[in-house]
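The sequence and the structure come first, and my entries follow them.

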Amino acid sequence: MGVIPLKRRNGSVRAEVLVDDEDFERFGHLRWCWNNGYAFRIGEQRRALYLHREIMGLVRGDGREVDHRDRNRLDCRRSNLIVTVRKGNAANVPSLGGTSKHRGICRRGERWQAYVNIDGRFVSFGYYDDEEVAAKVAREARRQHLRGSVD
């Protein structure tokens with residue numbers, strides 16, 4: 001595992017990005033900066049090039065996005081990155097609270113309901129006695145219905 005420093009204009013290090021060894025060899029020699037939590041550099045035509053997109057081989061305007069599985073924008077190891085589309089990227093958000101600590105789970109009487117919001121529709125994936133089982137069902141449903149990679 002390599003660490004790439006993100007530098008300020010004055011050259012001091014603002015943050016560090018984790019990358020795999022092979023990506024450190026490819027990108028570690030370039031000057032990377034920090035913008036809204038992401039590592040970027042200025043490329044040809046004075047456009048921002050983001051490290052996570054470069055690692056995954058995406059080009060500007062291809063309609064795909066790179067999501068950080070653990071939501072840590074400074075962890076650009078391949079095991080933490082997934083190529084997806086806008087809908088899949090937007091699905092990787094934390095629970096907003098409510099009756100369960102898990103996302104896509106709500107209490108219905110004595111049971112837990114697993115659900116996913118798909119294209120603005122509330123879709124139920126059943127009721128379960130155990131909150132953890134319902135959470136697993138909801139995670140799998142989100143993975144199947146919202147992660148839609150265009151590959």
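This is a predicted model: local features need pLDDT of at least 70, side-chain atom pairs count only at pLDDT 80 or more; totals for chains, interfaces and linings use all residues.

Entry 1: Next I looked for the partner of β1, and I found six bridges that join β1 to β2, with the two strands running antiparallel. For L6, I recorded A15 in β2 as the bridge partner. The two strands form a hairpin with five residues between them, and in the turn I found G11 with a positive phi of about 95°.

**Entry 2: two further hairpins.** I looked up strand β3, residues 33–35, and saw that three bridges join it to strand β4, residues 38–42, in an antiparallel arrangement. Within this pair, N35 stands opposite Y38. Two residues lie between the strands of this hairpin, and N36 takes a positive phi near 55°. I followed β4 onward and found that three bridges also join it to strand β5, residues 48–50, again running antiparallel. Here R41 stands opposite L49 of β5. The hairpin of β4 and β5 has five residues between its strands, and I noted that Q45 takes a positive phi near 60°.

**Entry 3: the nonpolar cores.** I wanted to know which residues have the most contacts inside the largest nonpolar core. That core has 15 residues, and I wrote down V17, V19, W32, L51, I55 and C76 as the ones with the most contacts inside it. The elements that give two or more residues to this core are β1, β2, α2 and β7, and the largest share, three residues, comes from β2. As a reminder to myself, nonpolar side chains tend to be buried together in soluble globular proteins. I then checked I55 by itself and, leaving out residues up to four places away in sequence, found that I55 touches V19, D23, R26, F27, C76, R78 and L81.

**Entry 4: G104.** I located G104 in the loop between α3 and β8. Is G104 buried or exposed? Its relative accessibility is 8%, and buried means under 20%, so G104 counts as buried. Not counting residues up to four places away in sequence, G104 touches Q113, A114, Y115, A138 and R142. I also looked up V116, which is twelve residues from G104 in sequence, and the C-alpha atoms of the two are 5.8 Å apart in space.

**Entry 5: S124.** I found S124 in strand β10, residues 121–128. With a relative accessible area of 36%, S124 is partly exposed. Setting aside neighbours within four places in sequence, I listed Q113, A114 and Y115 as the residues in contact with S124. The side chains of S124 and Q113 are joined by a polar contact of 2.9 Å, and the side chain of S124 also reaches the backbone nitrogen of G126 at 3.3 Å. Finally I compared positions with A138, which is 14 residues from S124 along the chain, and I noted a separation of 9.0 Å between their C-alpha atoms.

Notes: Residues are numbered from 1 along each chain as its sequence is written. Side-chain values use heavy atoms; hydrogens and water are left out. Two strands pair if DSSP finds at least two bridges between them. Helices (H or I, at least four residues) and strands (E, at least two) are DSSP runs, numbered from the N terminus. A nonpolar core is a set of buried Ala, Val, Leu, Ile, Met, Phe, Trp, Tyr and Cys residues joined through side-chain atoms within 4.5 Å. Buried means under 20% relative accessible area, exposed over 50%, partly exposed in between (1.4 Å probe, protein chains only). Contact means heavy atoms within 4.5 Å. A polar contact is a pair of N or O atoms within 3.5 Å; within protein, one must be able to donate a hydrogen and the other to accept it, and residues adjacent in sequence count only if both atoms are side-chain atoms.
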